[in-house]
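Let's take a friendly walk through a protein model, one region at a time. Have a look at the picture below before reading on.

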Amino acid sequence: MLKQLFHSIVFQIGSLILLISVVSIVSMLSSVLISELADQDAFVINNAGSLRYESYQLLAHLTLLPHTQTHLHAKQQTAILKEIEDFNFKINGLTKKTSSTVTTSLAKLSISGTLRSVHLIWSSDLSPKLAFLASHPEQLNEDTLVSLNQKIEEFVNQLNTLVSLYQKGAEDRILMIRMILSLSLLITITLASFILYQLHQKIEKPLSELTQNARKIMSGNYTSRTRIQQNDELGLLSDTMNNMSEALSNSYGLLEQRVKEKTFESRQSNDSLALLYQTSQLINQSGSSLNLKPIINQLSIITNKKDIDLCLTTEQSNVPYEHIITTNKPLPKNCREQECTHCLNTLQQNTTEPQVVRYAIQKDNISYGVLICHVTQGTSLESWEDQLFSSISTLIANGLHIRQQHEQNRRIALLKERNTIARELHDSLAQALSYLKMQVARLQKLRQRQASNTQIEDVELELKNGLNNAYKQLRELLTTFRLKIDEEGLYQTFINTVEQLNERAKGRMVFHLNYHIQNLPLTPNEEIHLLQIAREATQNALNHSQATEVQVNVFCDEKKQIHLCINDNGIGLPDHTAKLNHYGLAIMMERSQHLKGQFHIQNNKIDGVNVELQFLPNFAQRPQSNIAESA
């Protein structure tokens, strides 16, 4: 823990900065302390210098004392004694100040010795003598003054020595402050230079290298590495970044490999889906011909299986009517001899060379052929390839089955339509022709018997009326057989029919349409019967009702039953019911029976006729859950 702390660059730089701070604080405190000690130096030097002046002043006052007037002697003596007391006070104060201001022991010893000598000379010699001469001026003679002057000269020399010592002590303090400040400045500059060097070597250069390496990594170069060999935070960061770069490089390489794999898988899935969609579109196209060769060739390209065979057969035969291959190869013996039972009945992998995987093209236990994939020995189909082959074979089987069902439905519809045509011809035109044949036979008998012209004319009139009725029925049948539903749907066909009726009415009658079953899915047979019944009823209204308005309503009730109601405001039906057996009414009833519906025709309460058809469409006859799902 301590070793890591000492190697920490933050700890090292912080320690150096702290050391600079300590040096600065110590130098400032020392300077303040020394300057505080030197605060009394000027006072001491000034007092010591003033003692020299006062010494000579005392000598001058004593010298002048004998020459002053007698009445002034007492005042002058008092002043001299006062100066002597002040002198004593200054010397004592100088002693106290000296002991508190002198720093070094050597300087203190020199100053103390000189000060003691000065104090001794003053207190033991000069002060008593000056006080005595001031009190006895008569003792002041030339010899005394000369001796006193010499002693004062010696005393002043001692004071000069003391002042010099005081001055030297003050200069020593100033020199010490300079030395402390110089040393502190030198140490500070040295430490600052060292810190700058450390910052350059251990922070700036590593950070620059780390920054460049980070930019390379950011640009995608995960192979870049740093070469920082330090046991501090930046060294740890360098090692971490190198490990991160290596991890990113490995991860990026792994991701690139996975992206390539996923891209290849996505391309395979996309190609497979495109092939399945293309197969579905091709199979659902209308037309009798079905060319599956492009599908098999594309399947070979996607799965990279060069040898694929597709054999298509009918339900009644095991011999293929179409054999599609994806490579130029000699056909096997069983294919040349059309012995296909083994391939159609053996739908598992063979172990012989080469391997063969067969997929049955089968729907509802009806076989439509087989899809064969030849795989080299030692390899097998991957799961997606096996699923694709299976899906293609299923789509082909479903398409062929749907086509077969459509063909069967077309055959059944054609047969039904032929039966309908035969029935309607039998019920209408055939009966009319039989009636005409009977009239012709009658006419022949009348001519043989040489009947009267009146009888012959009656028969001819019957033949003429019968022929006109037969021709009319023929035109109605042609109109019925030519009836078709427009591509725009049943609704537009109803609109076109009503418009044609209004044109034929030429203003004497108006037809209105209310159609509300646009959202219901009717079968083609239901649409034809519904349209034909509406057409027949409106034709009857146009020809026989003598109405001014005809209302055509087509709607659905809550029970999903479809209603066709045709109302007019004409003369209505005759009272006798013989007319109800008219050919058109019989056809409408027959068509309603095909729809399994109910057909009613009756007079309205006020005027006109109401023709109503009610039936349950095919989609509503399914179970209720299926109806809900389709809705």
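Two residues are said to be in contact when they have heavy atoms within 4.5 Å of each other. Keep that in mind as you read, and remember that this is a predicted model.

## Two helices side by side: α6 and α7

Start with helix α6 (residues 142-218) and helix α7 (residues 233-284). Their axes lie 11 Å apart and form an angle of about 15 degrees. Angles under 35 degrees count as roughly parallel, so α6 and α7 are roughly parallel to each other. The crossing of this pair is left-handed.

Which residues of α6 and α7 meet? From α6 come Lys202, Ile203, Pro206, Leu207, Leu210, Asn213, Ala214 and Ile217. On the α7 side they meet Leu234, Leu237, Ser238, Met241, Asn242, Met244, Ser245 and Leu248. Sorted by class, this contact holds 11 nonpolar, four polar and one charged residues.

## A closer look at Asn213

Asn213 belongs to helix α6. Is Asn213 buried or exposed? Its relative accessibility is 2%, and buried means under 20%, so Asn213 counts as buried.

If we set aside neighbours within four places in sequence, Asn213 touches Ser224, Arg225 and Thr226, along with Met241, Asn242 and Ser245. Met241, Asn242 and Ser245 are also among the α7 residues that meet α6.

Now move along to helix α13 (residues 490-505) and helix α14 (residues 524-545), whose axes come within 11 Å and cross at roughly 15 degrees. These helices are therefore roughly parallel to each other as well. Their crossing is right-handed, whereas that of α6 and α7 is left-handed.

On α13, the residues making the contact include Leu490, Phe494 and Leu501. On α14, Leu530, Leu531 and Leu542 are among them. Taken by class, the contact has eight nonpolar, five polar and three charged residues.

## A covered strand: β1

Finally, find strand β1 (residues 308-312), where five of its five residues are buried. Both faces are covered: Ile308, Leu310 and Leu312 lie on one side, with Asp309 and Cys311 on the other.

Which strands pair with β1? One partner is β4 (residues 366-375), joined to β1 by five bridges in an antiparallel arrangement. Within β4, Ile372 is the bridge partner of Asp309. Another partner is β2 (residues 322-325), which pairs with β1 over four bridges, also in the antiparallel sense. Here Leu310 stands opposite Ile324.

Terms used: Residues numbered from 1 in each chain as written. Predicted model: local features only at pLDDT ≥ 70, side-chain atom pairs only at ≥ 80, totals over all residues. Heavy atoms only, no water. Buried < 20%, exposed > 50% of the residue type's maximum accessible area, 1.4 Å probe, protein only. Axes fitted to C-alpha atoms, helices over the stretch in contact; angles between N-to-C directions. Parallel < 35°, antiparallel > 145°, perpendicular 65-115°, else oblique. Left-handed = near helix turned anticlockwise from the far one by under 90°. Nonpolar A, V, L, I, M, F, W, Y, C, P; charged D, E, K, R; others polar. Pairing = 2+ DSSP bridges.
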